[in-house]
Amino acid sequence: MSTITLNNGFEMPVIGLGLWRLEKEELRSAILNAIKLGYRHFDAAAHYKTEIDVGNAIAEAIQSGLVKREELFITSKVWNSDHGHVVEACKNSLKKLQLDYLDLYLVHYPLATKHRVGTTASLLDENKVLDIDVTVSLETTWHDMEKTVSLGLVRSIGLSNYELFLTRDCLSYAKIKPQVSQFETHPYFQRESLVRFCKKHGVVPMAHTPLGGATANVKAFGSISPLEDPVLIGLAKKYQKSVAQIALRWNIERGTPVIPKSSKVERLKENLEVLNFKLEKEDIELINTIDKKFRTTLPSLSWGVDVYA
């Protein structure tokens, strides 16, 4: 498995399995099949509400001898409603995942919301707008993330869904610099400035939604899938690969690890095979021309507020 070195010396696989929107009944087989195929990187989160199921599958894989804990790279994330309770939330995730430590812990969104004990809530106010908590600063949240490292609960910490300005702010007050910044990026939403900024400052940019959410986001958010782009379709024919493989390889080529989601064995295998070929420079440059600056994941539809405004 190809890896990338984080700024604290730990290695992170450049491709992992994203666990968002995988149904509970799919998780066990998806994780076990992925491990058998060679996956070692799994991206979970408290808000996905599946950490118990993920933990059971990982425990089964370890206890059966399929994989050793030290061979795995497990990520989870602190949800908006736990910004004032980071250490407690981290311990809760570890308990559910049946782990002694996380390889990576991320701030899921740069946004604190009203806390509700024991839940990852997205509480709405009387106007059906996300009830944002203005009493907890992102600086406070980050210093609490640093505590999870000093307590030995977490090896690496990072950001998720942070824009460039907020990433810069974090770098200014961080005692432990973020190792990773995870955000949506794909051929239709390339975010080259953010990618370059992260790399310049030693933060590994990681692509969630690296396929633009494919049909799931088309259905959920009415977005346009980059997998239907004629340029990518043409390159898929040239390389005799799938369109998804071309999109994933493009991100990896620019130093951006990817965490595509799938529960199907053939798709899991196909996604992993992006490590076995390279794109020619001229084709990378061609993909660079199809950027539409098009975000496909739109939480504003359920939160009643555009948090990216």
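# Reading a predicted fold: cores, sheet and helices

Mentor: The largest nonpolar core has 63 residues, and those with the most contacts inside it are L19, I31, F42, L102, Y105 and I246. Helix α9 (residues 243-253) gives the most to this core, with seven residues. The model is predicted: local features need pLDDT of at least 70, side-chain atom pairs count only at pLDDT 80 or more, and totals for chains, interfaces and linings use all residues. Residues are numbered from 1 along each chain as its sequence is written, and side-chain values use heavy atoms, with hydrogens and water left out.

Trainee: What is a nonpolar core?

Mentor: A nonpolar core is a set of buried Ala, Val, Leu, Ile, Met, Phe, Trp, Tyr and Cys residues joined through side-chain atoms within 4.5 Å. Buried means under 20% relative accessible area, exposed over 50%, and partly exposed in between, with a 1.4 Å probe and protein chains only. Apart from the core of 63 residues lies another core, of nine residues, among them M12, F73, L104 and V180.

Trainee: Which residues does L102 touch?

Mentor: Contact means heavy atoms within 4.5 Å. Not counting residues up to four places away in sequence, L102 touches R69, I74, S76, C90, L94, L97, L153, V154 and R155.

Trainee: In what order do the strands of the open sheet lie?

Mentor: Helices (H or I, at least four residues) and strands (E, at least two) are DSSP runs, numbered from the N terminus. Two strands pair if DSSP finds at least two bridges between them. Here seven strands form an open sheet in the order β3-β4-β5-β6-β7-β8-β9, with parallel pairing. Its edge strands are β3 (17-18) and β9 (204-208), each of which pairs on one side only. Within the sheet, four bridges join β5 (residues 73-78) to β6 (residues 102-107), and T75 has L104 as its bridge partner in β6.

Trainee: Which helix packs on β8 and β9?

Mentor: Axes are lines fitted to C-alpha atoms, for helices over the stretch in contact, and angles run from 0 to 180 degrees between N-to-C directions. Helix α6 (residues 192-200) touches β8 (180-184) and β9, and its direction makes about 175° with that of β8. The two strands pair in the parallel sense over five bridges, and Q182 stands opposite M206 in β9. The chain crosses from β8 through α6 to β9 in a right-handed β-α-β crossover; right-handed means that, with the strands pointing away from the viewer, the path from the first strand over the helix to the second runs clockwise.

Trainee: Are the two faces of β9 covered or open?

Mentor: In a regular strand the side chains alternate between the two faces of the sheet. Both faces of β9 are covered: V204, M206 and H208 on one side and P205 and A207 on the other are all buried.

Trainee: Where do the buried residues of α8 lie around its axis?

Mentor: In helix α8 (residues 230-239), the buried residues are L232, L235, A236 and Y239. Seen down the axis, they fall within an arc of 105°, so they line one face of the helix; the arc is that of the directions from the helix axis to the C-beta atoms. The face turned away from this buried side carries the exposed residues P230 and K237. The buried residues of α8 pack against α9 and α11 (281-288).

Trainee: How many residues of α9 are buried?

Mentor: Helix α9 is mostly covered, with ten of its eleven residues buried. What covers its buried residues includes β9, α8, α10 (265-272) and α11.
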